[in-house]
Amino acid sequence: MAETISFSTDTPSGPRTVEVVYERIGGGEPLVLLHGIGHHLQVWDPVVGILAAERDVIAVDLPGFGLSPGLPDGVSYDLRGVVPVLGALFDALGLDRPHVAGNSLGGLLALQLGHEKRVRSVTALSPGGFWSEAERRYAFGMLLAMRYGALRLPDHTVTRLARTSVGRAALTGTIYARPGRRSPDAVVAETRALREATGFEATLAAGRRLRFTRDVPDVPVTIGWGTRDRLLVRGQGVRAKRVIPSARLVRLPGCGHVPMSDDPALVARVVLDGSR
(Lines give C-alpha, C1' and ligand atoms only; values in the text may rest on other atoms or scores of the structure.)
Protein backbone atom coordinates (compact mmCIF):
# COMPACT_ATOMS: atom_id res chain seq x y z
CA MET A 1 0.00 0.00 0.00
CA ALA A 2 1.31 3.45 -0.96
CA GLU A 3 2.64 5.73 1.77
CA THR A 4 3.85 9.33 1.71
CA ILE A 5 6.96 10.57 3.46
CA SER A 6 7.97 14.21 3.97
CA PHE A 7 11.59 15.20 4.55
CA SER A 8 13.92 18.15 4.23
CA THR A 9 16.51 18.71 1.52
CA ASP A 10 19.10 21.45 1.24
CA THR A 11 18.86 24.01 -1.57
CA PRO A 12 20.82 27.19 -2.38
CA SER A 13 17.91 29.09 -0.77
CA GLY A 14 17.89 26.97 2.37
CA PRO A 15 16.10 23.77 3.45
CA ARG A 16 12.97 22.79 1.53
CA THR A 17 10.40 20.06 2.19
CA VAL A 18 9.95 17.24 -0.33
CA GLU A 19 7.14 14.68 -0.38
CA VAL A 20 7.61 11.26 -1.97
CA VAL A 21 5.11 8.45 -2.39
CA TYR A 22 6.45 4.91 -2.09
CA GLU A 23 5.45 1.31 -1.48
CA ARG A 24 7.45 -1.03 0.74
CA ILE A 25 7.19 -4.80 0.95
CA GLY A 26 9.33 -7.84 1.78
CA GLY A 27 12.33 -8.45 3.99
CA GLY A 28 16.09 -8.67 3.75
CA GLU A 29 18.60 -6.15 2.47
CA PRO A 30 16.95 -2.93 1.21
CA LEU A 31 16.42 -2.52 -2.53
CA VAL A 32 15.11 0.76 -3.96
CA LEU A 33 13.36 0.72 -7.35
CA LEU A 34 13.37 3.81 -9.59
CA HIS A 35 11.15 4.17 -12.66
CA GLY A 36 11.69 6.06 -15.92
CA ILE A 37 10.47 9.45 -17.15
CA GLY A 38 6.70 9.78 -17.27
CA HIS A 39 6.12 6.52 -15.44
CA HIS A 40 5.22 5.55 -11.88
CA LEU A 41 6.23 2.98 -9.29
CA GLN A 42 3.59 0.47 -10.48
CA VAL A 43 5.74 -0.26 -13.53
CA TRP A 44 7.71 -2.57 -11.19
CA ASP A 45 4.62 -4.56 -10.14
CA PRO A 46 5.42 -7.58 -12.36
CA VAL A 47 8.67 -8.21 -10.46
CA VAL A 48 8.02 -6.83 -6.95
CA GLY A 49 6.60 -10.09 -5.59
CA ILE A 50 9.64 -12.06 -6.73
CA LEU A 51 12.07 -9.47 -5.38
CA ALA A 52 10.26 -9.15 -2.05
CA ALA A 53 10.93 -12.82 -1.28
CA GLU A 54 14.60 -11.88 -0.78
CA ARG A 55 14.70 -8.08 -0.40
CA ASP A 56 13.11 -5.24 1.54
CA VAL A 57 11.71 -3.60 -1.60
CA ILE A 58 10.98 0.14 -1.72
CA ALA A 59 9.39 1.25 -5.01
CA VAL A 60 9.40 5.03 -5.38
CA ASP A 61 7.37 7.59 -7.33
CA LEU A 62 10.11 10.05 -8.29
CA PRO A 63 9.33 13.71 -7.50
CA GLY A 64 7.07 15.13 -10.21
CA PHE A 65 5.90 11.67 -11.32
CA GLY A 66 3.21 9.26 -10.21
CA LEU A 67 1.61 10.53 -7.02
CA SER A 68 4.70 12.40 -5.79
CA PRO A 69 4.42 16.20 -5.95
CA GLY A 70 6.97 18.12 -7.97
CA LEU A 71 10.25 19.33 -6.56
CA PRO A 72 10.15 22.51 -4.49
CA ASP A 73 11.41 25.82 -5.86
CA GLY A 74 15.17 25.92 -5.98
CA VAL A 75 15.62 22.20 -6.74
CA SER A 76 16.34 21.28 -10.35
CA TYR A 77 15.33 18.10 -12.17
CA ASP A 78 18.89 17.34 -13.26
CA LEU A 79 21.28 14.94 -11.54
CA ARG A 80 22.57 17.70 -9.26
CA GLY A 81 19.05 18.32 -8.00
CA VAL A 82 17.44 14.89 -7.89
CA VAL A 83 20.28 12.71 -6.57
CA PRO A 84 20.67 14.67 -3.28
CA VAL A 85 16.88 14.43 -2.84
CA LEU A 86 17.11 10.66 -3.20
CA GLY A 87 19.95 10.62 -0.68
CA ALA A 88 17.77 12.57 1.75
CA LEU A 89 14.93 10.12 1.08
CA PHE A 90 17.21 7.19 1.98
CA ASP A 91 18.07 8.91 5.25
CA ALA A 92 14.40 9.62 6.01
CA LEU A 93 13.54 5.96 5.43
CA GLY A 94 16.46 4.76 7.54
CA LEU A 95 18.24 3.17 4.57
CA ASP A 96 22.02 2.87 4.90
CA ARG A 97 23.39 2.54 1.37
CA PRO A 98 20.58 0.42 -0.11
CA HIS A 99 20.84 -1.56 -3.30
CA VAL A 100 19.18 0.33 -6.12
CA ALA A 101 17.70 -0.75 -9.45
CA GLY A 102 16.45 1.70 -12.03
CA ASN A 103 15.01 1.75 -15.52
CA SER A 104 15.76 4.45 -18.11
CA LEU A 105 15.85 7.74 -16.14
CA GLY A 106 15.85 5.62 -12.98
CA GLY A 107 18.87 3.70 -14.28
CA LEU A 108 20.74 6.95 -14.89
CA LEU A 109 19.92 8.13 -11.36
CA ALA A 110 21.02 4.77 -9.97
CA LEU A 111 24.39 5.04 -11.71
CA GLN A 112 24.95 8.54 -10.34
CA LEU A 113 24.04 7.29 -6.86
CA GLY A 114 26.62 4.55 -7.36
CA HIS A 115 29.26 7.03 -8.52
CA GLU A 116 28.67 9.03 -5.33
CA LYS A 117 28.93 5.86 -3.19
CA ARG A 118 25.40 6.33 -1.81
CA VAL A 119 24.36 2.73 -2.61
CA ARG A 120 25.66 -0.82 -2.18
CA SER A 121 25.01 -1.95 -5.75
CA VAL A 122 23.45 -0.68 -8.97
CA THR A 123 21.31 -2.47 -11.51
CA ALA A 124 20.52 -0.18 -14.45
CA LEU A 125 18.04 -1.35 -17.10
CA SER A 126 18.41 0.63 -20.35
CA PRO A 127 19.79 3.67 -18.51
CA GLY A 128 19.75 7.09 -20.13
CA GLY A 129 22.89 9.11 -20.81
CA PHE A 130 24.81 6.83 -23.20
CA TRP A 131 23.24 8.08 -26.43
CA SER A 132 24.72 9.81 -29.44
CA GLU A 133 23.13 13.14 -30.28
CA ALA A 134 21.09 11.55 -33.07
CA GLU A 135 19.92 8.77 -30.76
CA ARG A 136 19.00 11.29 -28.08
CA ARG A 137 16.95 13.38 -30.52
CA TYR A 138 15.14 10.27 -31.72
CA ALA A 139 14.37 9.05 -28.17
CA PHE A 140 13.23 12.47 -26.97
CA GLY A 141 11.03 12.83 -30.05
CA MET A 142 9.37 9.50 -29.26
CA LEU A 143 8.87 10.49 -25.63
CA LEU A 144 7.33 13.81 -26.63
CA ALA A 145 4.99 12.00 -29.04
CA MET A 146 3.86 9.68 -26.24
CA ARG A 147 3.36 12.65 -23.92
CA TYR A 148 1.35 14.48 -26.60
CA GLY A 149 -0.89 11.45 -27.11
CA ALA A 150 -1.44 11.04 -23.37
CA LEU A 151 -2.39 14.71 -23.05
CA ARG A 152 -4.74 14.73 -26.04
CA LEU A 153 -6.54 11.40 -25.85
CA PRO A 154 -9.78 11.55 -23.81
CA ASP A 155 -10.11 9.07 -20.94
CA HIS A 156 -12.86 7.10 -22.68
CA THR A 157 -10.64 6.66 -25.77
CA VAL A 158 -7.71 5.42 -23.68
CA THR A 159 -10.01 2.99 -21.85
CA ARG A 160 -11.42 1.68 -25.13
CA LEU A 161 -7.97 1.24 -26.68
CA ALA A 162 -6.63 -0.50 -23.59
CA ARG A 163 -9.27 -3.23 -23.86
CA THR A 164 -7.61 -4.76 -26.95
CA SER A 165 -4.07 -5.99 -27.56
CA VAL A 166 -3.87 -3.81 -30.67
CA GLY A 167 -4.92 -0.77 -28.66
CA ARG A 168 -2.41 -1.51 -25.91
CA ALA A 169 0.30 -1.79 -28.57
CA ALA A 170 -0.72 1.60 -29.96
CA LEU A 171 -0.50 3.19 -26.52
CA THR A 172 2.63 1.49 -25.16
CA GLY A 173 4.36 -0.35 -28.02
CA THR A 174 7.23 2.15 -27.97
CA ILE A 175 8.43 0.97 -24.58
CA TYR A 176 7.22 -2.65 -24.34
CA ALA A 177 8.21 -5.49 -26.64
CA ARG A 178 5.08 -7.37 -25.54
CA PRO A 179 2.49 -4.66 -24.79
CA GLY A 180 -0.30 -7.21 -24.91
CA ARG A 181 0.95 -8.56 -21.57
CA ARG A 182 0.02 -5.32 -19.84
CA SER A 183 -3.44 -5.39 -18.31
CA PRO A 184 -6.01 -2.83 -19.54
CA ASP A 185 -6.07 -1.22 -16.09
CA ALA A 186 -2.27 -0.93 -16.02
CA VAL A 187 -2.18 0.72 -19.45
CA VAL A 188 -4.90 3.20 -18.47
CA ALA A 189 -3.04 4.01 -15.23
CA GLU A 190 0.33 4.55 -16.88
CA THR A 191 -1.20 6.69 -19.62
CA ARG A 192 -2.71 8.83 -16.87
CA ALA A 193 0.66 8.94 -15.09
CA LEU A 194 2.33 10.18 -18.26
CA ARG A 195 -0.37 12.82 -18.73
CA GLU A 196 -0.12 14.09 -15.15
CA ALA A 197 3.69 14.00 -14.80
CA THR A 198 4.45 17.54 -13.63
CA GLY A 199 8.19 16.91 -13.84
CA PHE A 200 8.18 15.66 -17.44
CA GLU A 201 9.22 18.76 -19.37
CA ALA A 202 11.83 19.90 -16.84
CA THR A 203 13.36 16.42 -16.71
CA LEU A 204 13.49 16.17 -20.50
CA ALA A 205 15.05 19.63 -20.75
CA ALA A 206 17.69 18.65 -18.18
CA GLY A 207 18.65 15.65 -20.31
CA ARG A 208 19.30 17.52 -23.56
CA ARG A 209 22.99 18.08 -22.84
CA LEU A 210 23.49 15.11 -20.57
CA ARG A 211 26.06 12.36 -21.09
CA PHE A 212 27.04 9.91 -18.38
CA THR A 213 30.83 9.78 -18.62
CA ARG A 214 31.90 8.83 -15.08
CA ASP A 215 33.13 5.47 -13.91
CA VAL A 216 31.43 3.81 -10.93
CA PRO A 217 34.36 2.22 -9.10
CA ASP A 218 34.09 0.05 -6.01
CA VAL A 219 30.33 -0.48 -6.42
CA PRO A 220 28.96 -3.59 -8.20
CA VAL A 221 27.17 -2.48 -11.36
CA THR A 222 24.92 -4.51 -13.64
CA ILE A 223 23.63 -3.00 -16.88
CA GLY A 224 20.77 -4.80 -18.63
CA TRP A 225 19.56 -3.98 -22.13
CA GLY A 226 16.58 -5.40 -23.97
CA THR A 227 17.28 -6.80 -27.42
CA ARG A 228 14.02 -5.19 -28.62
CA ASP A 229 14.50 -1.78 -27.02
CA ARG A 230 12.95 0.63 -29.53
CA LEU A 231 13.63 3.79 -27.53
CA LEU A 232 17.29 3.51 -26.49
CA VAL A 233 18.86 1.05 -28.92
CA ARG A 234 20.92 -1.70 -27.34
CA GLY A 235 24.23 -0.52 -28.83
CA GLN A 236 24.21 2.09 -26.10
CA GLY A 237 24.90 -0.73 -23.67
CA VAL A 238 28.31 -1.22 -25.29
CA ARG A 239 29.07 2.48 -24.70
CA ALA A 240 27.98 2.10 -21.09
CA LYS A 241 30.39 -0.81 -20.66
CA ARG A 242 33.24 1.35 -22.03
CA VAL A 243 32.44 4.10 -19.53
CA ILE A 244 32.08 1.64 -16.62
CA PRO A 245 34.56 -1.16 -17.48
CA SER A 246 33.83 -3.19 -14.35
CA ALA A 247 30.09 -3.33 -15.06
CA ARG A 248 28.40 -6.60 -15.93
CA LEU A 249 26.54 -6.11 -19.22
CA VAL A 250 23.52 -8.41 -19.53
CA ARG A 251 21.45 -9.04 -22.63
CA LEU A 252 17.67 -9.25 -22.07
CA PRO A 253 16.36 -11.35 -24.98
CA GLY A 254 12.94 -10.35 -26.30
CA CYS A 255 12.61 -7.38 -23.94
CA GLY A 256 11.83 -3.78 -24.76
CA HIS A 257 12.86 -0.53 -23.13
CA VAL A 258 10.77 -1.24 -20.02
CA PRO A 259 11.49 -4.96 -19.59
CA MET A 260 9.77 -5.74 -16.28
CA SER A 261 6.53 -7.00 -17.80
CA ASP A 262 8.14 -8.41 -20.96
CA ASP A 263 10.02 -11.04 -18.92
CA PRO A 264 9.45 -10.65 -15.16
CA ALA A 265 11.39 -13.78 -14.17
CA LEU A 266 14.48 -12.75 -16.14
CA VAL A 267 14.44 -9.15 -14.90
CA ALA A 268 13.94 -10.21 -11.28
CA ARG A 269 16.86 -12.64 -11.56
CA VAL A 270 19.11 -9.94 -13.04
CA VAL A 271 18.18 -7.51 -10.24
CA LEU A 272 18.65 -10.10 -7.50
CA ASP A 273 21.97 -11.29 -8.93
CA GLY A 274 23.11 -7.67 -9.23
CA SER A 275 22.32 -7.01 -5.58
CA ARG A 276 23.99 -10.05 -4.06
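The questions and answers below concern a predicted model.

Q: Why are helix 6 and helix 7 called roughly parallel to each other?
A: Helix 6 (residues 165-172) and helix 7 (residues 184-195) pack at an angle of about 25°. Angles under 35 degrees count as roughly parallel, and the two helices are therefore given that term. Their axes are 11 Å apart, and helix 6 passes helix 7 in a left-handed crossing.

Q: Which residues meet where helix 6 packs on helix 7?
A: From helix 6 come Arg 168, Leu 171 and Thr 172, and from helix 7 come Pro 184, Val 187, Glu 190 and Thr 191. By class, the residues of this contact are three nonpolar, two polar and two charged.

Q: What makes strand 1 and strand 8 edge strands?
A: The open sheet has eight strands in the order 1-2-4-3-5-6-7-8, with mixed pairing. Strand 1 (3-9) and strand 8 (248-252) each have a single partner strand, so one side of each is left without a neighbour in the sheet. On average, neighbouring strands of the sheet are turned by 25° against each other, direction ignored.

Q: How do you know that strand 6 pairs with strand 5 and with strand 7?
A: Pairing requires at least two bridges. Four bridges join strand 5 (residues 99-103) to strand 6, and these strands run parallel; Asn 103 stands opposite Leu 125. Strand 6 and strand 7 (residues 221-226) also pair in the parallel sense, over four bridges, with Ala 124 opposite Ile 223.

Q: Which way do the residues of strand 6 point, and are they buried or exposed?
A: Val 122 and Ala 124 point one way, Thr 123 and Leu 125 the other way, and all are buried.

Q: Why is Ser 126 called buried, and why is Arg 97 called partly exposed?
A: Buried means under 20% relative accessible area, and partly exposed lies between that and 50%. Ser 126 has 1% and is therefore buried. Arg 97 has 34% and is therefore partly exposed. Ser 126 is in the loop between strand 6 and helix 4 (133-152), while Arg 97 is in the loop between helix 2 (79-92) and strand 5.

Q: What makes the phi of Arg 97 and of Ser 126 worth a note?
A: Most residues other than glycine have a negative phi. Arg 97 has a phi near 50°, a positive value, and the phi of Ser 126 is near 50°, also positive.

Terms used. Residues numbered from 1 in each chain as written. Predicted model: local features only at pLDDT ≥ 70, side-chain atom pairs only at ≥ 80, totals over all residues. Heavy atoms only, no water. Axes fitted to C-alpha atoms, helices over the stretch in contact; angles between N-to-C directions. Parallel < 35°, antiparallel > 145°, perpendicular 65-115°, else oblique. Left-handed = near helix turned anticlockwise from the far one by under 90°. Contact = heavy atoms within 4.5 Å. Nonpolar A, V, L, I, M, F, W, Y, C, P; charged D, E, K, R; others polar. Buried < 20%, exposed > 50% of the residue type's maximum accessible area, 1.4 Å probe, protein only.
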